[in-house]
Each structure stands twice: as structure tokens, then as C-alpha cells.
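Dear colleague,

Please find below the structure that I am handing over to you, together with its sequence. My findings follow directly after it.

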Amino acid sequence: VKSDKKLAVLPHFKECRPEIISTDIWKSATVKKSTVSGNRQNSKSENKDTQTLREFYESDEFFDMCMYLLMISVATADGDQSDDEMDIMESKYSVSPANDKLMSKLLKIEGSFDWILKTMATLFAGNTAALEMVINNLMAVAEADGEVSQSEVREIHSIGKKLGLSK
């Protein structure tokens, strides 16, 4: 588990930590497998997915990976991810090759994107400044190619709403 010292600097750490590492949040993004191969296979898959979620959360690059995935979501919302958008993402957040593979594994888990948003919303609950910084970075990506599409605006609005921002 991430060190308490590292997480203690996050807003509302003491209140949100038990919820974040509870069983519910780890299981909230597990893949729904067919029971054709039996319950034992399904259980193994759920454990593997839970392990991926924990590995993602416990990474030193957790926030960078979250932001990178949110930025990709905005950059691809209009169907075209430009080089300028990629440049902005890479200039703000860097992810190691190992964690790049981890992000790929994470995205194969059903519900993982919502899990990221739920986890971030819990970590930053009540910290409007941090959440606004997230939205500002997403806007920077949308503006990078010189044209902010309605689909990018809708995606940013949706992300903001899921993070607990009302405006």
C-alpha cells in the first residue's frame, strides 16, 4: 500500500483512505467474465484485475497516469488526437515504460476509467483547487490543436462532474 506519509499530504487523507483501500473500490472495476469456464476461472480473473488496480493505485506515478489517461480521453473525444495534444500531455506528465504497460492492462478492465475518476474524486474531495487544476490541464489539451470541439468540451464537463465539480 502507498506509504501513509506520501498520501498524508493529500486533502482529507484520513477520511478517504479507508474507503479507497476497501474491498468495494477494488472490486468496482472487475471484468465480468462468462461462467462457462467455471467459478474458479472467474475468481482468478477478478483477483488478477484487483491486483492490477492495486498496482496502479500504489504506483509512484499514480497521479501522472490518471492525468495522462484523462488527457487521452479528452484528446480523442473529437476523433482526432493531434501531435500538439500529445506534446502537451507529454510535457506535463511522464509515465515510465513499465507503467505505460500497466495503463494498457488497466484499460482492459471493465469500469476502470470510472474507477479512476471515483478514486480521484475521493482523494481530492473538498479540494476544489486540485480539481480545477485537473480541469485546467484537460482544457490545455483541448486547446492545444487550436480548436476546442464540442465533443472535447462535453468530455471535460463529464469528467468534472464525475470528479464532483458542479460547474
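**Aromatic pairs**

The model is a predicted one, and five aromatic pairs were counted in it. F56, Y57 and F62 belong, with W115, to one aromatic cluster.

Are F56, F62 and Y57 buried or exposed? The cut-off for a buried residue is under 20% relative accessible area. F56 has a relative accessible area of 0% and is therefore buried. F62 is buried at 5% relative accessibility, and Y57 is buried at 1%.

**Helix packing**

The chain has 10 helices and zero strands. Of these helices, α5 (residues 62-75) packs with α10 (residues 150-162) at an angle of about 145°, and their axes are 8 Å apart. On the α5 side the contact involves L70, S73, V74 and A75, and on the α10 side E152, E155, I156 and I159. Sorted by class, this contact of α5 with α10 comprises five nonpolar, one polar and two charged residues.

**The chain as a whole**

Of the 167 residues in the chain, 40% are buried. Where contacts link residues at least 6 apart in sequence, 78% of them join residues at least 24 apart. The chain exposes about 9300 Å², of which carbon and sulfur atoms supply 49%.

With kind regards

How values were computed. Residues numbered from 1 in each chain as written. Predicted model: local features only at pLDDT ≥ 70, side-chain atom pairs only at ≥ 80, totals over all residues. Heavy atoms only, no water. Helix = DSSP H or I, 4+ residues; strand = E, 2+ residues; numbered from the N terminus. Buried < 20%, exposed > 50% of the residue type's maximum accessible area, 1.4 Å probe, protein only. Contact = heavy atoms within 4.5 Å. Areas by Shrake-Rupley, 256 points an atom, 1.4 Å probe, with all protein chains shown as cover. Axes fitted to C-alpha atoms, helices over the stretch in contact; angles between N-to-C directions. Nonpolar A, V, L, I, M, F, W, Y, C, P; charged D, E, K, R; others polar. Phe/Tyr/Trp six-rings, centres within 6.5 Å; stacked < 30°, edge-to-face > 60°.
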